[in-house]
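Here is my note on the structure, point by point. Please keep the coordinates open while you read.

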Amino acid sequence: MSTRVARRKRRGKPAAVSAARRRAQQRAMRAALRQQITALVQQTVEQALADEVTALLGRGKYTRRRSGPQRRAGAVCRRCQLDWAPRFTRAGSYPRTLLTLAAQVALRVPRVSCVCGGTVPLEFATFGRYARSWDEVQARARPLSGLCLALRDIREVLAEPSGVWLAPSTLNGWVHDAGALAATLRGEPFGRVPPVVLLDGLWLKLMVPTGERYQDRAGRERARVRRVTVPLLVAYGVDPATGERWLLDWEQAPGEDEASWRGLLERLQARGLRAEAGLVLFVHDGSAGLEAAFGLVDFGPAVLRQRCVFHVLRNLGDHVRGTPGQTREQRRAHRRALLQEAATIWEPLDGNAVRARYRAFCARWRATEGAVVAALERVFPQTVAYLEARARGREWGQAWPVQALRTTSPLERLNRALRQKARQVATFQAPQGLTAAVVLVLVHYGATAPAPAADLWIDLLEAGLLAA
């Protein structure tokens, strides 16, 4: 006879943990982790400083001076001006706070003295003299500015791990230091000349001095400034064979006149942008100042100039008049249809087909939209240079896509980033701030070299800031 087994009792679910209790537990864990991280950073940095002193003296702690090697230490006593390592000894330490991305730590920085009683100033590799923050904090602040964050937002991001809020003036100084990198980005000869160069300008707001002085409410004498809108002229290199794009140079100018464009073109030429180096085509929006500057700067024989088709279509749209009696929606539809038909002119890859579509468009719209046809006839010969550029590419065994030859559209991604930065700043208070903003945006978007390295910012920092 079988034995009946009692059914196992159903077990209930564990009691739910309240959200308040979970948050309190997590806060306690974060505090404990921050305390441990702070202790670890402090221990690591102090050990690094102690190791540097040991390397300087050539002997470990508690080792007699005369037992060390007879050699120069690389540091000089302030009093006797001697630099022999056996004369130097450890002399305690002094306190200093150091801010890192992980935590702010209170350090004991070692001192070294000489047997004559003088002090020996030290230059540590771990951090700079008088530094209160590690270089990684500054290196983090600058890319955040390149991301178009305001100073208040950068303060909040940097304060999250360490709990320390930096002064806006400190952050502003770090950001402005990036302006020194402009010389590195713009001064060297081109290591590689692109076949295609795009030229364009965007307008920014800048405060400029008027030459007058005034007293503010606190009685301080200040220079009077006024807000002006200035263009930033940009030259962008494109390799149509590989699709690589990078910024060549830029010019902060008073206007888009001949003198401003000429300054940029002459610097491009001086840095090696010439036909014999591989330059084939300029693509531009057709401003009068740039056209005049082209006549004064020689880039070599057979360099082509292409009018941006997008700018041409936008100009044609300004000449559309429609017919009397049309409503606003009808005029808008009429304009859209005309421009869509005009855009098909440059679709074929054969020059004869392009010219046939051009003649057909002019014949169809001459009677009703004479102003549009006249505007197109004035610029059409300058909009087909891309066909000859593609032929030269084929001679080199390369198939160049027309998207890289007809318009300045590849510049728009960079221009959008620069405009976003300009909107965040609203008005640049000085040319140095404008230059720094341009550099930070360029470095962040990797638009400074044909093949930007992962540590490009560090390379530029060493070449620009440290050499300044």
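1. Rings of Phe, Tyr and Trp (its six-membered ring) pair if their centres lie within 6.5 Å; planes under 30 degrees apart are stacked, over 60 edge-to-face, and the rest tilted. By this rule there are seven aromatic pairs. One of them joins Phe124 and Phe127: tilted, 6.3 Å centre to centre, with 45° between the planes. Both Phe124 and Phe127 are buried (under 20% relative accessible area, 1.4 Å probe, protein chains only). Phe282, Phe294 and Phe299 make up one aromatic cluster.

2. On provenance: this is a predicted model, where local features need pLDDT of at least 70 and side-chain atom pairs pLDDT 80 or more, while totals for chains, interfaces and linings use all residues. Numbering starts from 1 along each chain as its sequence is written, and side-chain values use heavy atoms, without hydrogens and water.

3. A nonpolar core is a set of buried Ala, Val, Leu, Ile, Met, Phe, Trp, Tyr and Cys residues joined through side-chain atoms within 4.5 Å. The largest has 63 residues. Leu232, Trp250, Leu281, Leu316, Trp346 and Leu376 have the most contacts inside it. Helix H14 (residues 431-444; a DSSP run of H or I, at least four residues) gives this core its largest share, seven residues. Another core lies apart from it, with 22 residues, including Trp261 and Leu265.

4. What does Trp346 touch, leaving out residues up to four places away in sequence? Its contacts (heavy atoms within 4.5 Å) include Leu376, Phe380, Tyr386 and Arg406. The charged end of Arg406 sits over the ring of Tyr386, 5.9 Å from its centre (the rule: NZ of Lys or CZ of Arg within 6 Å of the ring centre and within 35 degrees of the ring normal).

Note on methods: Buried < 20%, exposed > 50% of the residue type's maximum accessible area, 1.4 Å probe, protein only. Helix = DSSP H or I, 4+ residues; strand = E, 2+ residues; numbered from the N terminus.
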